[in-house]
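Please open the model in your viewer, begin with the whole chain in view, and then follow the selections below one at a time.

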Amino acid sequence: MSILNLGIVAHVDAGKTSLTERLLFDAGAIERLGSVDAGSTQTDSLEQERRRGITIKTAVATFRLGALTVNLIDTPGHPDFIAEVERALRVLDGAILVVSAVEGVQAQTRILLRTLKRLRVPTLVFVNKTDRVGADPDRVIQQIGPGAIPMWREHEEALADCDDRALAAYLDNRAIDAAGLTREARIMPAYQGSAITGEGIAELTRAIQDQLPAANTDDQAPLHATVFKIDRNRAAYVRVHEGVLEARQRIGNDKVTAIDDGHRTSIRAGEIGRVYGLHALKIGDTIGAGATRPAVFAPPTLEATVEPKDPARRNDLHRALQRLADQDPLIDLRMDRESHELRIKLYGEVQREVVRDTLAEEYDLAVTFGETVTLHLERPAGRARAGAVIGKDGNPHMATLELELAPGAGLEVAVRVPVEHIPMYVYKTAANFQDAITRYCRDSFTRGGLHGWDVADARVTVTRCGYSAPMSTAGDYRRLVPELLSKALAAAGTVLCEPVHRFAIEGPADALTATLGALPRFGAVPDVPGTARGRFTLGGTIAARRLPDLERALPGLTHGEGTVETAFEGYRPLS
């Protein structure tokens, strides 16, 4: 049996969920063709998805194409839920990128294109809505650029332009292996049609069978699996890459209590399943051998406070938000140490509305949000030391410790003390002590900066340690570390940094001068522009807080024809 884990990705309103519905219906997996407008689709099962007409959570549906079992993964199209797309990309064998033949390539489409290419995910393109007025599939192919091969036209020469081996075959009058080029992610065969009417779906279905690579089904190898979704019932959606995950199998301190509500006894290599009982797992975790894939998309750069309208239900709100954070780790729920306000991270206003409605509908909690603010971070500005000795200078803790703080890359913690100075009866090993100090530092740096933001890019070195047995405990070191780091930060100072995005603007060539002239108003730093075929391209960087201003101004600067796409660049000192 062959298995294909197939993702469908697209910009919002491209028809991604309609295509999912059509593929399920034509394969006989559902009896009735659902409608996004009517809220009757198979994969948009949440009430909010039906009401809003958008996909919020990744959904999985299965159908058969002959001997091929397809696990179809429908992902959100709205940029506020890009993290859901990232989780799906980690477990795919192939993808279908859906683009509207009317609206064409959008900013979200370009982000997805870059990511699919970078991860070398074998991809088919489906140019949807060809039955609509204004549809222009050929324009879509031009917008996508090199590698997109329109299969509705003669394409041997286009294939030859994409690969040296294909060119050699073309010159020798040999057949070009288009399927091989697709599986190697060298080309993206494009098909056109309409998910609503069914036009072009048969050709796309054949391409799914013939051109995308089936999953590895080696169940004799050591277990290697990835968690890509956790639902509100704490069920973990798992893709097994190699080996077998069995019911009642122990993973760490937990045990698999059921798979797919007890209907299966195992998940074999190449398969996807819903697993219960693994309470310690988080989204993105790897089970067994194998390395995790790095994050693809930027973290959220916004934050807002959340408060219950009924103050007596504050604890209920905290528990509900914690469950939502389990389903979406990037929400990153935290409680402010001083104000005790509950805060969550967000990608945008639509996501905030979804969180509000979810709390009301699923947890019967009415809430209010504070102002959405841009997240900043702090970096140490210099070097400093801080220390405390048992019984001296008012140190209330049964621990001796000296820390040196300096600028670093990420969080770096080093222990430079003799092992006999470490309370081994508490930590057992020197490695455990270093892990504990690292954890204490990380917790301390969360909103531990001089301006109240997270501290990043710090190097902490333990230069002195001591204890008094048997009275010294782990709690003494855990409480002392933040006190010393606070003193060291005050002495070293910090640099306040803001998030920065890289932008790429495209527009008519006669609008370049006006666009360039306007960028200083937004604090943007442009690169050298380029022009070709009556269009200009212009890259650069801009502070995240000024990006909405640029997006609002762009239509007026470019006669309504300009587009801008952005990607998180990092943090820079606040000017």
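Helices, of at least four residues, and strands, of at least two, are taken here as DSSP runs and numbered from the N terminus. Colour the chain by these elements, keeping in mind that this is a predicted model, and you will find 16 helices and 32 strands. The radius of gyration is 27 Å, close to the 25 Å that the globule rule gives for 575 residues, so the chain is as compact as a globular protein of that length. Along its principal axes, the C-alpha trace spans about 85 × 65 × 60 Å.

Next, show the surface: the chain exposes about 26,000 Å², of which carbon and sulfur atoms supply 49%, while buried residues make up 52% of the 575 residues. If you select the charged side chains, the mean positions of the 69 positive and 77 negative charges lie 5 Å apart.

Now turn to the aromatic rings, among which a search of the whole structure finds six pairs. Select Y427 and F433, whose ring centres are 5.2 Å apart with planes at 75°, so the pair is edge-to-face. Y427 is buried, with a relative accessible area of 7%, and F433 is likewise buried, at 0%.

Y477 is buried, with a relative accessible area of 0%. With Y427, F433 and Y477 displayed together, you are looking at a cluster linked by ring pairs.

Note on methods:
Residues numbered from 1 in each chain as written. Predicted model: local features only at pLDDT ≥ 70, side-chain atom pairs only at ≥ 80, totals over all residues. Heavy atoms only, no water. Rg over C-alpha atoms; globule rule 2.2 N^0.38 Å. Buried < 20%, exposed > 50% of the residue type's maximum accessible area, 1.4 Å probe, protein only. Areas by Shrake-Rupley, 256 points an atom, 1.4 Å probe, with all protein chains shown as cover. Lys, Arg positive; Asp, Glu negative; His and termini not counted. Charge placed at Lys NZ, Arg CZ, Asp CG, Glu CD. Phe/Tyr/Trp six-rings, centres within 6.5 Å; stacked < 30°, edge-to-face > 60°.
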